[in-house]
Amino acid sequence: MPRVRRIPQRQCVACGRTRGKREMIRVVRTPSGDVRVDVTGKLAGRGAYVCPEPSCIDRAVRDGRLAGALELPLPDGLRAALTEAASRDTTPRAPVVRRVSLQQVLEARRGETGEGGGRRSGRTSDRASLGSETEGSS
Ligand SMILES: [Zn+2]
């Protein structure tokens, strides 16, 4: 078995450039006759590819190239779906790490031990009255 790993190339319906399959947005005409954006890349059906760029999406939709490639008119929401898919693909997802510095912790503690001096409130302890008398009668 040959161990050549090929990245499948697909052609953009708008600009005609070829790119790696995973870099493109796939639009599929499903066997049931729907046209949808295939985010997973696993939908069955006739596929067409567009670059995740506004200019290509625009051209693909407006010039009817996408519809032509799929041989179906595009549904209303498709353009929005394409735009959404494009923005999702291009935005880098960097995890936001929040760090609390030691300095911040120390400053928070210093606030607690502020000025606490002053008078001590003296409490006069109540004298317990011992006055119980027991009458012993016989
Ligand atoms: Zn393109």
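Which pattern does the protein chain follow when it is read along the sequence?

**View 1. The whole chain of the predicted model.** Along the sequence, the elements of the protein chain follow the pattern β-β-β-β-β-α-α-α-α, and the chain has 5 strands and 4 helices. Of its 138 residues, 17% count as buried.

**View 2. The open sheet of 3 strands.** The strands are arranged in the order β4-β3-β5, and their pairing is antiparallel. Because β4 (35-38) and β5 (46-50) stand at the edges, where each has a single partner strand, one side of each is left without a neighbour in the sheet. On average, and with direction ignored, neighbouring strands of this sheet are turned by 30 degrees against each other.

**View 3. The pairing of β3 with β5.** Strand β3, which covers residues 25-29, runs antiparallel to β5 and is joined to it by 5 bridges. Within this pairing, V27 stands opposite A48 in β5. As a general point, strands of a sheet pair through backbone hydrogen bonds, either parallel or antiparallel.

**View 4. The largest nonpolar core.** This core has 20 residues, and those with the most contacts inside it are C12, V13, I25, V50 and A60. Two or more residues are given to the core by each of β3, β4, β5, α1 (54-62) and α3 (78-90), and the largest share, 4 residues, comes from α1.

**View 5. The surroundings of V13.** When residues up to four places away in sequence are not counted, V13 touches A48, Y49, V50, A60, R65, L66 and A69.

Notes. Residues are numbered from 1 along each chain as its sequence is written. This is a predicted model: local features need pLDDT of at least 70, side-chain atom pairs count only at pLDDT 80 or more; totals for chains, interfaces and linings use all residues. Two strands pair if DSSP finds at least two bridges between them. Axes are lines fitted to C-alpha atoms, for helices over the stretch in contact, and angles run from 0 to 180 degrees between N-to-C directions. A residue is buried if 20 or more other C-beta atoms lie within 10 Å of its own, exposed if 12 or fewer, and partly exposed in between; C-beta atoms are placed from the backbone. A nonpolar core is a set of buried Ala, Val, Leu, Ile, Met, Phe, Trp, Tyr and Cys residues joined through C-beta atoms within 7 Å. Two residues are in contact if their C-beta atoms, placed from the backbone, lie within 7 Å.
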